[in-house]
Amino acid sequence: MPSDLTTMHPPCGQIQRRTFLSDLGFGATGMALSMLLNRERSGQAASTSSGADTQGPHFTPRAKSVIWIFLSGGYSQMETFDPKPELNKYGGKTYADTVYPDPFQDPRYQERARSVVKVKREHDKIMPMQVGFRKQGESGIEITDWWPHLATCVDDISFVRSMYTTDNDHAAEFQIHHGRHKLDQKQPVVGSWLSYGLGSLNQNLPEYVFLGSYTDTRVKENFSPDYLGPKYMGVEFSLDPNNPLPFGARPQTVLEKEQANQYALINELNRISSVEYPHDEKLRARINSYELAFRMQRSVPEALNLDTETKETQRLYGIDEKETSIYGKRLLAARRLAERGVRFTQVYLSGYGEWDSHQKLKENHTRSCKRVDKPVAGLLKDLKRRGMLDDTVVVFCTEFGRTPAVETRGNTKMPSGRDHHPHGFTIWFAGAGIKRGYVHGATDELGFHAVEAPHYVTDIHATLYHLLGLDPTRLDIPGRKRLEIDRGKPILDILS
């Protein structure tokens with residue numbers, strides 16, 4: 001027997017020669033087995049807090065995928081989906097001049113507000129509505145005149161007019177995605193939780209995709225997996241036909257077979273390392289990313305090739321018009337991804353802060369509504385005619401609303417906009433498991449507070465978990481238990 005113990009126990013960070021040769025010999029078999037096991041686990045929900053695995057969703061799902069449409073900056077609820085004629089009646093007057101209680105003295109004002117930006121929000125003079133509105137569809141739901149195309153879809157939508165959040169500044173944009181206030185510890189975003197809990201429906205595409213462009217890098221918080229690890233981060237796709245997968249294209253000087261061999265070698269070396277470091281999340285994510293990246297090089301260009309769509313479909317989304325082309329392409333791509341099994345497609349449908357109309361609200365909202373209206377209506381009509389509203393949920397949201405009164409902060413001589421307003425705003429759902437042509441909740445007569453069936457933003461998340469068959473209490477990570485408000489509660493009233 002050799003006396004040198006190093007022949008039996010390799011130095012730290014190394015492996016035995018016999019193990020290395022064995023791994024190389026069975027490398028191809030191991031990779032094939034890994035892919036088969038991965039497919040078997042693709043629908044497996046995450047471990048429960050007790051450590052027991054659950055196969056598939058926790059209960060029968062109503063939906064299989066989500067298209068999450070986000071409008072950055074905070075659109076005005078009064079000029080979009082929650083018309084308030086009392087604003088016209090009391091336009092130019094103060095809250096004290098109305099027959100309604102002072103909203104600033106309402107206990108809900110302090111309960112729901114955690115200011116981050118310490119500025120005096122001066123908005124006492126009521127601002128009239130800047131657009132007309134009328135009842136639409138068989139449901140007779142009121143919607144403002146800035147949505148002529150979306151108005152034809154109201155009978156397929158459930159409007160929730162009683163949302164609130166707790167951040168009075170633009171960190172509310174990230175809050176609606178992960179549910180936590182800027183002053184609190186962050187959480188993984190809703191798309192990451194769904195990816196973590198449900199896995200993939202298509203091994204050649206990510207579970208979670210981000211579509212959009214941005215100049216502010218903070219936007220990445222909107223698709224951050226936080227402590228779930230990089231495997232569950234939203235994957236950014238580009239609609240550039242020459243480069244649909246940024247940083248993932250095969251160089252023209254490398255043959256496909258040659259690259260396949262490179263990936264195989266890299267993955268095998270990574271797997272050898274994973275034996276030594278079984279708890280290294282970054283290593284596991286790197287292994288998954290190499291495998292997925294190679295498969296995506298073929299599947300992504302096909303999925304994002306909008307030229308294969310008929311001209312009629314492209315016109316439906318407004319792709320043939322300059323004002324609506326970009327947003328139309330993003331939403332058509334989202335439909336194609338959902339069609340191919342992507343669980344969660346997050347569409348960043350405007351530039352950062354586009355709807356933040358502190359001034360010139362009428363001018364800004366008129367322009368922005370026109371850019372969004374036709375593409376969104378086109379998406380709903382396209383999903384409906386394809387039967388995809390039976391298994392796809394569409395969420396349309398923003399970070400907060402706008403104040404009922406005109407903003408007069410600073411040296412503004414001719415105020416013409418509304419300030420940030422976390423106390424009451426409107427979002428909507430459409431699709432699988434959702435009532436059609438329905439309004440849930442309400443703000444007060446001036447559009448200030450969410451007073452009827454109020455919902456914190458994580459209730460949106462909980463509704464999606466419910467529709468996709470997940471119990472969020474069973475997704476907790478040991479040592480990372482979330483607060484009840486962060487889980488939210490499903491908005492049961494809008495479910496069919």
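Colleague: What is the accessible surface of the chain, and how much of it belongs to carbon and sulfur atoms?

Modeller: The accessible surface comes to about 22,600 Å², and 52% of it belongs to carbon and sulfur atoms. Accessible areas come from the Shrake-Rupley method with a 1.4 Å probe, and for residues only the protein chains shown count as cover. The structure is a predicted model, in which local features need pLDDT of at least 70 and side-chain atom pairs count only at pLDDT 80 or more, while totals for chains, interfaces and linings use all residues. Residues are numbered from 1 along each chain as its sequence is written, and side-chain values use heavy atoms, with hydrogens and water left out.

Colleague: Why is Asp 382 called buried?

Modeller: A residue is buried under 20% relative accessible area, exposed over 50%, and partly exposed in between (1.4 Å probe, protein chains only). Asp 382 has 0% relative accessibility, so Asp 382 counts as buried. In the chain of 496 residues, buried residues make up 53%.

Colleague: Why does Arg 385 count as partly exposed?

Modeller: The relative accessibility of Arg 385 is 44%, and therefore Arg 385 counts as partly exposed.

Colleague: What makes Asp 382 and Arg 385 a salt bridge?

Modeller: The term requires a side-chain nitrogen of Lys or Arg within 4 Å of a carboxyl oxygen of Asp or Glu. For Asp 382 and Arg 385 the closest N and O atoms are 3.0 Å apart, so the pair meets the definition. Both residues lie in helix H11 (residues 361-385), three residues apart, about one turn of the helix. An α-helix has 3.6 residues a turn, so residues three or four places apart point the same way. Asp 382 and Arg 385 also belong to a network of salt bridges, whose members include Glu 302, Arg 335 and Arg 386. The structure holds 25 salt bridges.

Colleague: How do you know that Arg 134 and Asp 145 form a salt bridge, and what does the pair tie together?

Modeller: Their closest N and O atoms are 3.2 Å apart. Arg 134 lies in strand E2 (residues 133-136) and Asp 145 in the loop between strand E3 (141-144) and strand E4 (157-164), so the pair ties together parts that are eleven residues apart in sequence. Strands (E, at least two residues) and helices (H or I, at least four) are DSSP runs, numbered from the N terminus. At 49% relative accessibility, Arg 134 counts as partly exposed, and Asp 145, at 32%, is partly exposed as well.

Colleague: Why is helix H12 described as largely enclosed by the rest of the structure?

Modeller: Nine of the ten residues of H12 (residues 458-467) are buried, which is why the helix is described in this way. Among them are Asp 459, His 461 and Tyr 465. Gly 469, with a positive phi near 80°, follows H12.

Colleague: What makes E9 and E10 paired strands?

Modeller: Two strands pair if DSSP finds at least two bridges between them. E9 and E10 (residues 418-421) pair over three bridges, in the antiparallel sense, and Val 406 stands opposite Arg 418 in E10. Six of the six residues of E9 (residues 401-406) are buried, so E9 is largely enclosed by the rest of the structure.

Colleague: How many disulfides does the structure hold?

Modeller: The structure holds zero disulfides, the term being a pair of cysteine sulfur atoms within 2.5 Å. Cys 153 counts as buried because its relative accessibility is 2%.
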